[in-house]
Amino acid sequence: MAETEALFSLLRQTAEPAAAEAIERLVRHGADRMLNRVNVLAFAAREGLDEEAAIAAFLHAAHLGLFDMSWNVLCPGCGGVLDANATLGTLDRSSYSCTLCAAGYEPTLDEMVEVTFTVNPRVRQIAAHEPDRLPIHEYFRQIFWSSGVDLPEEIEAQLDEIIIEAIELPPGEKALLSLQLPRGFIIVFDPVTHSVQFIDADSDETRERRSLSLVIDAVHAPNEAVRLQPGPLRLTLENRTSRRVLPGLFAAGEALHTLIGRRRPFLTAKRLLSNQTFRDIYRTETLNVDQRLKITSLTFLFTDLKGSTRLYERVGDLAAFDLVREHFRVLGDIVAAEAGAIVKTIGDAVMATFPTPERAVAAALRMRDAMRRLNAAHGSEDLMLKIGLHEGPCLAVSLNERQDYFGQTVNIASRVQGLAESQAIYATGSVVERPEVSNLLARTGLTPLAQRRALRGIDDEVTLYEIP
């Protein structure tokens, strides 16, 4: 207990006070299931916290050992967790299959990988620390479904409408279920191993008893649906695993689709990789050197100071260094405030990422205004910032012991910045033509000016927009 008190004290020193206090209340008074796979965005909404402050607080809490972080690969169809990883570095498969949806997916960090937080067992023991002891309703809620599925508080009543029959089957055991198979599409499914058997019972009812067997093992290979008439069914289930399993028959009807169809925002891996607090804390603990993880959409912002060499010559190394360092500090604060992260600095240039184009544009506008204020404070025009923006797909990689990005999107963003004049913001159509960006510029009274320009290494000219 004394150790936990000390950790909470440290959390209050490193995180925003309101967020730290909310986390402490959660640990001390929250129900067990509220401390398992915490959806940080839902937590922030419930507690009235800024999302970025809540994310930073949970990252600090995980770094202190109060919570364990999990990177979960999700099925976009049913919202089930296909794979759970303690680190992003262990996510090493090129494809994942959901047996429940009978579909395969190539993992991307945008919406297929969520990041959740579970209280460390040394801080507080909860039921989910021993998932093989959870009843089937809570196993589905706390282990199978992701934090992005907006499940009702009373999930047991909802699942009882869907579950025709279910059983808890110990390792190595076999069970025989005698039941009345209803009309419709039925799924025999185990949420522990994801073993599945589809039954098409959309035909005339029979009084003759049918038999069906399902072996539950670690392989759970996909199989074709079997056609059975509605009526008496003898179902044999055999558990060939070393764990308890929870096979059941589920009616794949409107009630099931309604239950899993309600979704809510969750913390994606893409958003976390573009979070400054995460990059600061987990600088060398993100990706393995051989990993290449896809992101379908990320916005890159490049900046550079025009005439910085002449600045050093004019005011001297010491004064120029202090001014440039102040410029880096201001840019860093703005990037973090807009939910972005600085990937690296190269000389006097900055490369930053943002989860959405509108946050990047908002940051660019704030950067330009901040440089004007800095220049006014110093009575000079020494800090002339050039900014370029582009959005698109990329690869998250590890380079020089640092999480970085690779691909044509990065190259284009860098070259767009190279075309910008001093105090100019240049952005591609993939950024400016987004409705959220158009609305942002309209609110600020800015009209982007389109022009066709050639970019080095790009065959065709591209349409760029200058934001005056």
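The centres of domain 2 and domain 3 sit 54 Å apart, going by C-alpha atoms. Keep in mind that this is a predicted model. The protein chain splits into three pieces: domain 1 covers 1-146, domain 2 covers 159-261 and domain 3 covers 287-467.

**Helix α6 against helix α7**

- Helix α6 takes in residues 155-162 and helix α7 takes in residues 254-261; their axes come within 8 Å and cross at roughly 145°.
- The crossing of α6 with α7 is left-handed.
- On the α6 side, the contact uses Gln 158, Leu 159, Glu 161 and Ile 162.
- On the α7 side, Ala 255, Leu 256 and Leu 259 make the contact.
- Sorted by class, the α6 and α7 contact has 5 nonpolar residues, 1 polar and 1 charged.

**Cysteines**

- The disulfide count for this model is 0.
- Cys 75 is in no disulfide: its nearest cysteine sulfur belongs to Cys 98 and is 3.6 Å away, while a disulfide needs the two sulfur atoms within 2.5 Å.
- Cys 75 has 1% relative accessibility, so Cys 75 counts as buried.
- Cys 101 is in no disulfide either; the nearest cysteine sulfur to Cys 101 is that of Cys 75, 3.6 Å away.
- Cys 101 counts as partly exposed because its relative accessibility is 29%.

Definitions and conventions:
Residues are numbered from 1 along each chain as its sequence is written. This is a predicted model: local features need pLDDT of at least 70, side-chain atom pairs count only at pLDDT 80 or more; totals for chains, interfaces and linings use all residues. Side-chain values use heavy atoms; hydrogens and water are left out. Buried means under 20% relative accessible area, exposed over 50%, partly exposed in between (1.4 Å probe, protein chains only). Domain bounds come from an automatic or database domain assignment. Axes are lines fitted to C-alpha atoms, for helices over the stretch in contact, and angles run from 0 to 180 degrees between N-to-C directions. Helices (H or I, at least four residues) and strands (E, at least two) are DSSP runs, numbered from the N terminus. A crossing is left-handed if the near helix is turned anticlockwise from the far one by less than a right angle, and right-handed if clockwise. Contact means heavy atoms within 4.5 Å. Ala, Val, Leu, Ile, Met, Phe, Trp, Tyr, Cys and Pro count as nonpolar, Asp, Glu, Lys and Arg as charged, and the others, Gly among them, as polar.
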